[in-house]
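Open the model in your viewer and keep the selection panel handy. We will go from one stop to the next, with a note on what to select at each.

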There are 2 protein chains.
Amino acid sequence: MDLPVQKRIESLDTLVQTPEPAPSRTEKRAAKTRNKLLKAALDIFSEWGVDAATIDMITERADLGKGTFYRHFTDKYDIAGVLVEQAIDHLLGLLRQGEPQPSRSLEDVLEHFLNAHYAFFRHHQDEFILLFQGRLLLKLERQATDRLEAPFARYLEEIEIQLVPYLGQKKVDLVRIRRLACAVAGFVFGFFSFAMIGMEPQDIADSIKPLRQSFVKSLTLFLTQ
Amino acid sequence: MDLPVQKRIESLDTLVQTPEPAPSRTEKRAAKTRNKLLKAALDIFSEWGVDAATIDMITERADLGKGTFYRHFTDKYDIAGVLVEQAIDHLLGLLRQGEPQPSRSLEDVLEHFLNAHYAFFRHHQDEFILLFQGRLLLKLERQATDRLEAPFARYLEEIEIQLVPYLGQKKVDLVRIRRLACAVAGFVFGFFSFAMIGMEPQDIADSIKPLRQSFVKSLTLFLTQ
DNA sequence: GTCATAAGTGACTAAATAGTCATTTATGGA
DNA sequence: TCCATAAATGACTATTTAGTCACTTATGAC
């Protein structure tokens, strides 16, 4: 039999006992190939857009046979979903780096948000571009919406979680907090994406300092009024 | 001869003399067909995205033969370019509606910006979605960049023009004003597009009031600091 | 080494889409 | 009414892309 790459079915005792199943050489080879595909796809997607990209572009960029792609993913949107999840994970990782110190002020949290998004924009630019496509794909009512929508929900939720303690209210107003999360996410993503087409990288960097202050001030106002 | 639909070459005396060339019935028919195509394409693009859309989708939606499309446009990206230009024209129209009264304060101008963008978001939602795709298309380094990029440049310039009088400086710092334009555009576009996926229409409407205040305050700060 | 199994391959077929053009329909002038 | 010209058409061909599968290569157990 020559079935597609199997997911290792974790047996219960694995979860309880063995620390790691010790990946065999075969497994490492498959993992390496899969990563090559993911890397190439991110490249292609950020350059051409998910819809305009083709499987051939991806496998050629990865220097692999076309059939190999289909052993690891079912189609373009499958691999795009994985990449979106990874990108959101990276962004969430940066957002969570500032440990939840109870001493932090709201201003500290907001400033941390801005810094984390800027770091993401700078160091994961391909992923930034991918997310901006992906977020848009949503309202283009299409198939596979869940796969692409879920990571964005996680993202908004993380922002909400970090902000809740500062809302200083008994009743948590869901609309209000969602509104804030959209404002934070929208402001940062929107600014950077316009900056990307309208400004030089150095000018963007120089903008962070003045941006930081008004970002923090305005959102504090938005949040507490 | 059966050439593609000709553009009327405006003769000089037309510009000087005749008020209107009085469009013939043939011309009106062609114009009507062209508009049908534009309408259908906007529909399809906002639903599927420019890259995923096909000519067949457009002509079927317009209830026209496929060949008709090619008498009016060379390909998908040609018609998309026209639509982007139209959308930006609508947005600029809204932005310019507040006449340049010298008495306006900076706060007035910023508030007007927000209102104009919200009106655009509400009443031209398809165009809003199209622009958000288009803006992204840019950095996806591809062909036909100019056609799509130019309208966005016009848009940023209009914002800059309206803001310059309030910078209250002898020397106009180009980076600083471009930065502000990106902040305005990014904030508004970003917020609405996140709101579109994360909020109900009524909640968005309810967010405008609180948003307005912090939007104006923060950008005033950003601008004058 | 040899055998069994999984990973990788790329030429192939099937399907979707772009783009063409001989023909039909509508318009406007004589 | 008749003719000349432009607009519209959709069946057609060409091209592009998705997806398959018989085969090759690598790995691991014995």
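**Before you click.** This is a predicted model, in which local features need pLDDT of at least 70, side-chain atom pairs count only at pLDDT 80 or more, and totals for chains, interfaces and linings use all residues. Residues are numbered from 1 along each chain as its sequence is written, while chains are lettered from A and ligands numbered from 1 in the order in which they are written.

**Stop 1: chain A.** Select chain A and colour by secondary structure: there are ten helices and zero strands. Helices (H or I, at least four residues) and strands (E, at least two) are DSSP runs, numbered from the N terminus. Of the 225 residues in chain A, 36% are buried, meaning that 20 or more other C-beta atoms lie within 10 Å of a residue's own; with 12 or fewer a residue is exposed, and in between it is partly exposed, C-beta atoms being placed from the backbone.

**Stop 2: the two domains.** Now colour 12–73 as domain 1 and 81–224 as domain 2 of chain A; such bounds come from an automatic or database domain assignment. Eight residues of domain 1 of chain A are in contact with seven residues of domain 2 of chain A, contact being C-beta atoms, placed from the backbone, within 7 Å.

**Stop 3: where the chains meet.** Show chain B as well: 46 residues of chain A are in contact with 46 residues of chain B. On the chain A side, select helix 2 (25–48), helix 7 (125–139), helix 8 (145–163), helix 9 (174–198) and helix 10 (201–224), the elements that give two or more residues. Helix 9 of chain A gives the most, with 17 residues.

Beyond its neighbours within four places in sequence, Leu221(B) is in contact with Gln213(A), Ser214(A) and Lys217(A).

Stop 4: The same surface serves both copies, as 100% of the contact residues of chain A recur in chain B.

**Stop 5: the DNA.** Select DNA strand C, which 26 residues surround; the closest are Thr33(A), Gly65(A), Gly67(A), Arg25(B) and Gly67(B). A residue is near a strand if its C-beta atom, placed from the backbone, lies within 6 Å of it. Move on to DNA strand D: of the 26 residues around it, Arg25(A), Gly67(A), Thr33(B), Gly65(B) and Gly67(B) come nearest.

**Stop 6: helix 3 of chain B.** Last, show the side chains of Ile58(B), Thr59(B) and Ala62(B), the buried residues of helix 3 of chain B. They sit on the same side of helix 3 of chain B because they cover an arc of only 90° around the axis, taken from the directions from the helix axis to the C-beta atoms. Their cover includes helix 2 and helix 4 of chain B. Finish on Asp63(B), which follows helix 3 of chain B and has a positive phi, near 60°.

Technical notes:
Contact = placed C-beta atoms within 7 Å.
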